[in-house]
Amino acid sequence: MTAGSTLIACRALVRRDLTLVWRRRGDALNPILFALIVVALFPLALGPEPEVLRRIAAGVIFVALLLAGLLALDTLFRSDYEDGSLEQLVLSPHPLALLLACKIAVHWFTTALPLIVAAPLLGELLHLADPVRPVLLAALLLATPLLSLIGAICVALTVGMHRSGMLLALLVLPLYVPVLIFGAGACNAAGNALPYAAPLLWLGAALVVALVVAPLACAAALRISLS
Amino acid sequence: MSPLTEISRPPLLEARGLAFARNDEPVFGPLDFVLHTGEVVLIEGDNGSGKTTLLRVLSGLLTPTEGEIRLHGAPLTLDLLSPQVALLSHANGLKPELTALENLRFAAGLHGLRHGISPPTALAGVGMDGYADVPTRRLSAGQKKRVALARVLLAPVALWLLDEPYANLDPEGIGLVNRLLENHAHRGGAALITSHGAYAYTSGTPRSIPLHARPARDLTGEGRPRGDGLPGHSLGDDAGLSPARPGTPP
């Protein structure tokens, strides 16, 4: 096994996962529709006053995207576990953590990135203030990969269980809290014309740590789930 | 191969006192067996006797509770093992949305490619050449099994661990599995296969493949005292030393 063959394996895995998403492209829209509906519920519940909605806009969008990401999380390893491709992945001669990092990256690209693209539209629904929009996008670009990486560890731990949806949510959501605080915190600071760089930098630092640690933890968790 | 070189070269796979327990409940073992290159060995046992678990232990997916496994004489680690083993398990590891050929191309990318074979030729080798572009979900159970066998065929490994390779196959498919096993043994590979009540099938096997089923007393666990009284199975120490070996491996 060489670095070249590992690269070939990663490329084959990325191509396969992208093909699978394309073949099930009907499902790919679901997280966006979910986030759209959740965001649309708030004006219905709180009334249409722009002042009220503007104040909560960034936080609501953050929570909606976080929940949509949580619902999409279960698809990360589920079908691979059920059809046996996951054990083939574990048995391959390449570093499992690297292969899983590729899988998580594809999953982020196909579930979280469309949500980020839809975020300005969601912002319009809630009268999001113009100066907050770029900060929200920056916070989401840093926070969603972090959420995917943290979530992947929990999915790897629960993939062997049937009906693990609620358990997964209970495991994941407390871990998402700091990400939410820093992400929504940056947006609120921008909304109040306060400096917002520090929470974004914290998110960036956490993302760097997670990029290194999460695939390794994920690989260890998967080995436990498969035994 | 002369008996002398056979002794001097460490066996492909060697298990000593191998046992596995799940939640303190013994699943199989302790087992001692040796697998040399050029051999196909049948693991026989009743339902629930731990055949699948044994293959998962040998593939490295599970860690044995006791005993040790040696690969080419060296203690087994996952790094050492994975480039040398192909596993066919009950879940055949095929993506239903992908075509047979796409599934094999991915497997080739992941596990590498045996010299002189490509995904299309592997597909033809299992009699599925007309189905390259059919999504796997539209294939029958037996056809899926054939595609999964083609995946095993592609991998550049010496040791095949096949769990129920005959399941869902028609008589012609059973003959095909036996032919694939024979070819693999001839080019210096080895295989462990499980099957319950496989004797009906293996009686049609070409004689050149010795399927080392244990004598009946060992299959029922009488040859080895077992506290739990569960049906057990074991492969003998002599599994690799039978005179009825296939042609000399290269």
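Modeller: Let's start with a rule: two strands count as paired if DSSP finds at least two bridges between them. Strands themselves are DSSP runs of E with at least two residues, helices are runs of H or I with at least four, and both are numbered from the N terminus. Before we go on, residues are numbered from 1 along each chain as its sequence is written, while chains are lettered from A and ligands numbered from 1 in the order in which they are written. This is a predicted model, where local features need pLDDT of at least 70, side-chain atom pairs count only at pLDDT 80 or more, and totals for chains, interfaces and linings use all residues.

Colleague: Okay, so in which sense do β6(B) and β7 of chain B pair, and over how many bridges?

Modeller: In general, strands of a sheet pair through backbone hydrogen bonds, either parallel or antiparallel. Here, β6(B) and β7 (residues 159-163) of chain B are parallel, with four bridges. Look for B:A86, which has B:W160 of β7(B) opposite.

Colleague: What is the order of the strands in that open sheet of chain B, where the pairing is parallel?

Modeller: The four strands go β3-β8-β7-β6. β3 (40-44) and β6 (85-88) of chain B are at the edges with a single partner strand each, so one side of each has no neighbour in the sheet. From one strand to the next, the twist averages 15° (angles run from 0 to 180 degrees between N-to-C directions, and axes are lines fitted to C-alpha atoms, for helices over the stretch in contact). Helix α6 (residues 141-154) of chain B lies across β6 and β7 of chain B, at about 175° to β6(B).

Colleague: Which are the edge strands of the antiparallel sheet in chain B?

Modeller: That open sheet has four strands, ordered β2-β1-β4-β5. β2 (25-35) and β5 (74-75) of chain B are its edge strands, each pairing on one side only. Inside the order, β1 (residues 13-22) and β4 (residues 66-71) of chain B run antiparallel and share five bridges. B:A15 has B:I69 in β4(B) as its bridge partner.

Colleague: Now helices. At roughly what angle do the axes of α4 and α8(A) cross?

Modeller: Angles under 35 degrees count as roughly parallel, over 145 as roughly antiparallel, 65 to 115 as roughly perpendicular and the rest as oblique. The axes of α4 (residues 50-73) of chain A and α8(A) cross at roughly 30° and come within 10 Å. That is why α4(A) and α8(A) are roughly parallel to each other. Among the residues that meet are A:I61 and A:L65 in α4(A), and A:L140 and A:L147 in α8(A).

Colleague: And how many residues of chain A are in contact with chain B?

Modeller: Contact means that two residues have C-beta atoms, placed from the backbone, within 7 Å. 23 residues of chain A touch 23 residues of chain B. The largest share of chain A's side, 10 residues, comes from α1(A).
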